[in-house]
Amino acid sequence: MMEISTFLALLLAGSALHKVMARDRLALVAAKLAGAHGQGLLLLIVAGTLELVAALCLMIAPLHQTGALLAAVVWLAYAAALLRRRGETLDCGCDLVAREKPVDWPLIARPAVLAMLALIISTLPVAAFGVATPFAAAGLLALYLAGSELLAIPHPRWRKS
């Protein structure tokens, strides 16, 4: 299961880096999602710090469970913020580019599923980091990003929500 933990850590670290690189856009997104106008940058710093700490903890065996639980809290908070905005069209900050899209069930389910995965990982013993671990984690990350791009298609026939 170290492959999944590494995937989650990569996703969290990438998300924290994304917050640093696009802080102006994402501060506005964070404020809108949380309903805390004027506090976007503070929320962004807190979220990015929590993501980075969770990513680091996931990679350190004695702190693995703490990292998984922290990741689950971050993703559940994001899912709850999206749920509050269900039906609206906005830039959710979940893509590398500014892209307004409707907040629908698949968009809300993405962080909820990640939180569930992190909770499952928190209950399992820490596995050894093997030779295949980074490759499997990178493959999972590629699949995740591809799924994210599929969810960004505005009105596909195959998705009705």
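**Helix packing in a predicted model**

Trp-105 touches Leu-83 and Arg-86, leaving aside residues up to four places away in sequence, where touching, or contact, means heavy atoms within 4.5 Å. The model is a predicted one, in which local features need pLDDT of at least 70, side-chain atom pairs count only at pLDDT 80 or more, and totals for chains, interfaces and linings use all residues. Residues are numbered from 1 along each chain as its sequence is written, and side-chain values use heavy atoms, with hydrogens and water left out.

Trp-105 lies in helix H5 (residues 105-123); helices (H or I, at least four residues) and strands (E, at least two) are DSSP runs, numbered from the N terminus. The relative accessible area of Trp-105 is 43%, so this residue is partly exposed. On this scale, buried means under 20% relative accessible area, exposed over 50%, and partly exposed in between, with a 1.4 Å probe and protein chains only. The C-alpha atom of Trp-105 is separated by 9.2 Å from that of Gly-87, which is 18 residues away along the chain.

What of the rest of H5? Its buried residues are Leu-107, Ile-108, Arg-110, Pro-111, Leu-114, Ala-115, Ala-118, Ile-121 and Ser-122. These buried residues pack against H1, H4, strand E2 (100-102) and helix H6 (133-151).

His-64 belongs to helix H4 (residues 64-84). With a relative accessible area of 4%, His-64 is buried. Its contacts, not counting residues up to four places away in sequence, are Ser-5, Cys-57, Leu-58, Ile-121 and Val-126.

Within H2, Arg-25, Leu-26, Ala-27, Val-29, Ala-30, Ala-31 and Leu-33 are buried. Helix H1 (2-21), helix H3 (40-58), H4 and strand E1 (89-91) are among the elements that cover them. After H2 comes Gly-35, with a positive phi near 70°.

Finally, the axes of H1 and H3 come within 8 Å and cross at roughly 155°. This makes H1 roughly antiparallel to H3, a term for angles over 145 degrees. Axes here are lines fitted to C-alpha atoms, for helices over the stretch in contact, with angles running from 0 to 180 degrees between N-to-C directions.

Technical notes: Angles under 35 degrees count as roughly parallel, over 145 as roughly antiparallel, 65 to 115 as roughly perpendicular and the rest as oblique.
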